[in-house]
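Here is a short tour for anyone who likes to check contacts and cut-offs by eye. Please open the model alongside the text and follow along.

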Amino acid sequence: RLNIGRADYSYSNRDTKVDWSNNSDDGIYFIDLIANTSKMIISIEDITELNKKETMENAKHKFNHIMISPNGKKVMFMHRWFLNDGRRYDTLYVCNVDGTEIKAISDDDMVSHCYWFDNENVFAYLRDREVGDKYYMVDIATSKKTIVGEGVINKFGDGHPHVNRTKIIFDTYPDKARMKNLYMFDYKNSELLKLGEFLESFDFYGETRCDLHPRFSFDGKKVFFDSVHEGKRGLYMMELNF
């Protein structure tokens, strides 16, 4: 499903024949590497039955952005479905790591990139019908959304965030000069620091594009990111000397 819907985020060597009408035999799997076992804990059909919408009829469904909470107890994931006319809808869910207690925490049609801020909150770029598309902190217990970085980071639009304590790094899409920017935002004091900018030439576009996808090291002293500023795809490391 992912290879057909978003080939740039999937495995092109896989069989791409999918029975889109059968949503019971595909979903989220729990894999135990020690026991060498695999078990589906949530099917796509489970979700479509749990949160039925008219737009889901005859749509193509998939799951995306599955991420385990820092303490290993919760999982967040995105349910995305496509209509034949190209329209796309998203809902963000949280559940226990065994697939129980499934709960929608954002259900206003658009959810993009997100990351666990801590065990109780998700930092995400998504839509609130009353406020708009912005970066929010979402309380998983109450589903309350709090705007983050209004006028500071929301002006950059959607990016790929990663969190280390109160620090959030995120990237931007190429500007008119084809430069992608890398920023670090301190959630505690709302300070924004530009870490760098990197060229993505017109040789890279569509499925061959290269988002920075920044990630902190475990100790927060390094940032790793993808880039094509040297004319080919590479993995880079930046040391944070502060």
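## Salt bridges

A search of the whole structure turns up 16 salt bridges, each being a side-chain nitrogen of Lys or Arg within 4 Å of a carboxyl oxygen of Asp or Glu. This is a predicted model, in which local features need pLDDT of at least 70 and side-chain atom pairs count only at pLDDT 80 or more, while totals for chains, interfaces and linings use all residues. Residues are numbered from 1 along each chain as its sequence is written, and side-chain values use heavy atoms, with hydrogens and water left out.

The side chains of D186 and K167 form one of these bridges, at 3.2 Å from N to O. The pair links distant parts of the chain, with D186 in strand 13 and K167 in strand 12 (residues 167–171), 19 residues apart; strands are DSSP E runs of at least two residues, numbered from the N terminus. D186 is buried at 11% relative accessible area, whereas K167 is partly exposed at 29%. Here buried means under 20% relative accessible area, exposed over 50%, and partly exposed in between (1.4 Å probe, protein chains only).

## Around N181

Which strand holds N181? N181 sits in strand 13, residues 179–186, and counts as buried at 10% relative accessibility. Its side chain makes a polar contact of 3.1 Å with the side chain of K194. Such a contact is a pair of N or O atoms within 3.5 Å; within protein, one must be able to donate a hydrogen and the other to accept it, and residues adjacent in sequence count only if both atoms are side-chain atoms.

K194 also meets E197 in a salt bridge, 2.7 Å from N to O. K194 is partly exposed at 41%, and E197 is partly exposed at 43%.

## The nonpolar core

The largest nonpolar core has 15 residues, and those touching the most other members are M76, L92, I105, C114, W116, V122 and L126. A core here is a set of buried Ala, Val, Leu, Ile, Met, Phe, Trp, Tyr and Cys residues joined through side-chain atoms within 4.5 Å. Elements giving two or more residues to this core include strand 4 (74–82) and strand 5 (88–96).

Now to the strands: 4 of them form an open antiparallel sheet in the order 3-4-5-6, where pairing requires at least two DSSP bridges between two strands. Strand 3 (60–68) and strand 6 (103–109) stand at the edges with a single partner strand each, so one side of each lacks a neighbour in the sheet. Strand 4 and strand 5 pair over 9 bridges, and M78 stands opposite L92 in strand 5.
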